[in-house]
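Biologist: I'm new to reading protein models and could use a hand. Can we go through one together, a feature at a time?

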Amino acid sequence: MTIAITGASGALGRTTAELVFQSVEPSKVVLTTRHPDSLAEFAARGAEVRRADFADPRTLATAFTGVDRLLLISTDAVGARLDQQRAAIAAAADSGVGHIAYTSVPEPVPANPALVVPDHAGTEQALRDSGVRWTMLRNNLYAHMQIPVIEQAIAAGRLVTNTGAGAIAYVTREDCAAAAAAVLTQDGHADKAYDITGPEALTAEDLAALASELGGREVELVHTEDAAFAEGLRTAGLPEEVAEVVASFGAASRGGFLANASAAVAELTGRKPVALADIVREALRS
């Protein structure tokens, strides 16, 4: 069996590849990337590195030749990636790939206001229509992204949020990679969707309490509207489109679309997912 991972030069792809190597000989692993030189160390260990640029469909024609199972890692081109990912699925199907796992988001339904939902919902539908066996890995928001949020809250004495009373089951990137590696190297996961989450769903009140504990002083929780929150992110230096996406996750949280804390990580990997508080404490100690 040959396993392939797209976007393998990214952090999730690299971590997943390392975990796959624990179960599969590197010679049975294909890693695709826009920049093959960035994966030279994996090539030296025996993996096959191929160039695949989703923005250049010509590179997809042979990218998945001889591959049995594929991890399709969603790109970061929000709003532009759907057609690219559809093309990648079509190329994989044409190449005879038998099973595609895709990194999606929780509850990619029309009512979910997160701006990334249309891309993921469309890609999931393309997978279902492809005739290839599929697995949806619906990764919750990354826990490590909250480290600077907690640090800033400690420094400022206030945590500004648009999540209201909504909860988010933050998950570590490492747990997402472990779940993906399990699906790629085990049987029994075809045509299933998994919510990949941390062990519990946390509210902004929980984050403020954690910041207060770690900072040694009370951190005020400040609720704001979506537009004001996005403006604050832009003022802090985030590009406009990124700020809008981040703010939309707050709206999704208020709607309950990110609150499901599932047992999928433990069931797939045999170990419990890491809690957000644990990685924040570790980061602040280092």
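Modeller: Let's talk about packed helices, then a single helix, and then a few individual residues. Keep in mind that this is a predicted model.

Biologist: Okay, helices first. What describes two packed helices?

Modeller: You describe the pair by the angle between their axes and the distance between the axes. Take helix α3 (residues 81–94) and helix α4 (residues 117–129): their axes come within 9 Å and cross at roughly 20°. An angle under 35 degrees counts as roughly parallel, so α3 and α4 are roughly parallel to each other. Their crossing is right-handed.

Biologist: Which residues in α3 meet which in α4?

Modeller: On the α3 side you'll find Arg81, Leu82, Gln85, Arg86 and Ile89, and they meet Pro118, Asp119, His120, Gly122, Thr123, Ala126 and Leu127 in α4. Sorted by type, the residues of this contact are five nonpolar, four polar and three charged.

Biologist: Let me try another pair. At what angle do helix α1 and α6 pack?

Modeller: Helix α1 (residues 11–20) packs against α6 at about 50°, and the axes are 8 Å apart. That makes α1 and α6 oblique to each other. The crossing of α1 and α6 is right-handed. From α1 come Ala11, Leu12, Thr15, Thr16, Leu19 and Val20, while α6 brings in Arg173, Glu174, Cys176, Ala177, Ala178, Ala180, Ala181, Leu184 and Thr185. By type, the residues of the contact between α1 and α6 split into 10 nonpolar, three polar and two charged.

Biologist: And how do α7 and α11 cross?

Modeller: The axes of helix α7 (residues 204–215) and helix α11 (residues 276–285) come within 12 Å, crossing at roughly 30°. Here, too, the crossing is right-handed. Leu207, Leu210, Glu213 and Leu214 of α7 make the contact with Leu276, Ala277, Val280, Arg281 and Leu284 of α11. This contact between α7 and α11 has seven nonpolar residues, no polar ones and two charged ones.

Biologist: Which residues in α3 are buried?

Modeller: Buried means under 20% relative accessible area. In α3, that group is Arg81, Leu82, Gln84, Gln85, Ala88, Ile89, Ala91 and Ala92. These buried residues pack against β4 (69–72), β5 and α4.

Biologist: Is aspartate 175 buried or exposed?

Modeller: Look in helix α6 (residues 173–185) to find aspartate 175. Its relative accessibility is 0%, so aspartate 175 counts as buried. Leaving out residues up to four places away in sequence, aspartate 175 touches Ile196, Val265, Arg271, Pro273 and Val274.

Biologist: What about proline 110, buried or exposed?

Modeller: Proline 110 has a relative accessible area of 88%, so it is exposed. You'll spot proline 110 in the loop between β5 (99–104) and α4.

Biologist: Where is glutamate 244 found, and which residues is glutamate 244 in contact with?

Modeller: Glutamate 244 is in helix α9 (residues 240–254). With a relative accessible area of 34%, glutamate 244 is partly exposed. Setting aside neighbours within four places in sequence, glutamate 244 is in contact with Leu115, Ala230 and Arg234.

Note on methods
Residues numbered from 1 in each chain as written. Predicted model: local features only at pLDDT ≥ 70, side-chain atom pairs only at ≥ 80, totals over all residues. Heavy atoms only, no water. Axes fitted to C-alpha atoms, helices over the stretch in contact; angles between N-to-C directions. Helix = DSSP H or I, 4+ residues; strand = E, 2+ residues; numbered from the N terminus. Parallel < 35°, antiparallel > 145°, perpendicular 65-115°, else oblique. Left-handed = near helix turned anticlockwise from the far one by under 90°. Contact = heavy atoms within 4.5 Å. Nonpolar A, V, L, I, M, F, W, Y, C, P; charged D, E, K, R; others polar. Buried < 20%, exposed > 50% of the residue type's maximum accessible area, 1.4 Å probe, protein only.
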